[in-house]
Amino acid sequence: MAILIVTDIFGHTDHIDHFAKSLGNDVQVLSPFIEEPNTVSEPDCYELFLVQCGHRVYADKVSAAIAELQPKLIIGFSAGGAAAWVALSEQDASGSVEQLIAFYPSQIRHHLNIKPSCDVSIFFAQVESHFDVEPVLELLKDKKGLNCIRTRYLHGFMNKLSGNFDEYAYSHYQYFCQQEARNYVEVEQREAEFL
């Protein structure tokens, strides 16, 4: 499998399906939920996330998905990006994942002493309500294989269900993800031709 998308607290939505399809055919989606939320209220989704999963369990769920699916690229949103960061930091360095793209994974502020063995691109929100982004960027800036960008958008800019959704940012970063995904999908196709 080429690509794994790790969702935010809104779970596996139609919007995520549309995003996944834009990346190609070899894409799986991982949600934190046992039962997907039937609400689009962010506070309700977050409460359900804490009840059904939580941050540590989500990281374990990502680890299990990596072991089972062997993705090359992971794209994570918010809690999903942070869960992937933790899971990949605990994975064997010879794992399948070559790259993590994480959008506004604010929970990694609690895990700054670790770093996945793969290449990582993090797109932070301009500001976060629970912490100052600048000191986090300072602590991460010298980690090898890590590219951190502080965008001009707010947390949730890639999610159409978020009040902070930004159409321009979504189009821009969707295109970025499509370009990155193409590298892995084409590699998978070439590898299959030689088998």
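## The largest pocket

The largest pocket is lined by 23 residues, and those nearest its centre are Glu42, Ser78, Ser106, His130 and His155. (A pocket here is an open set of points on a 1 Å grid over the protein atoms alone, with protein on both sides within 12 Å along at least five of seven lines; lining residues have an atom within 4 Å of a point.) This is a predicted model, where local features need pLDDT of at least 70 and side-chain atom pairs pLDDT 80 or more, while totals for chains, interfaces and linings use all residues. Residues are numbered from 1 along each chain as its sequence is written, and side-chain values use heavy atoms, without hydrogens or water.

The pocket's volume is about 510 Å³, taken as the space filled by probe spheres set on grid points joined across faces, edges and corners. Its lining splits into eleven polar, eight nonpolar and four charged residues. (Nonpolar covers Ala, Val, Leu, Ile, Met, Phe, Trp, Tyr, Cys and Pro; charged covers Asp, Glu, Lys and Arg; the others, Gly among them, are polar.)

## The cavity

There's one cavity of 30 Å³ or more, a cavity being a set of points where a 1.4 Å probe fits but cannot get out. The largest cavity holds about 40 Å³ of space. Asp8, His15, Ile16, Phe77, Tyr104, Met158 and Asn159 line the largest cavity, giving four nonpolar, two polar and one charged residue.

## Who meets whom

His55, Arg56, Tyr58, Ala59, Val62, Ser63 and Ile66 of helix 3 touch a set in helix 4 that includes Ala79, Gly80, Ala83 and Glu90; contact means heavy atoms within 4.5 Å. Helices are DSSP runs (H or I, at least four residues), numbered from the N terminus.

Notes. Helix = DSSP H or I, 4+ residues; strand = E, 2+ residues; numbered from the N terminus.
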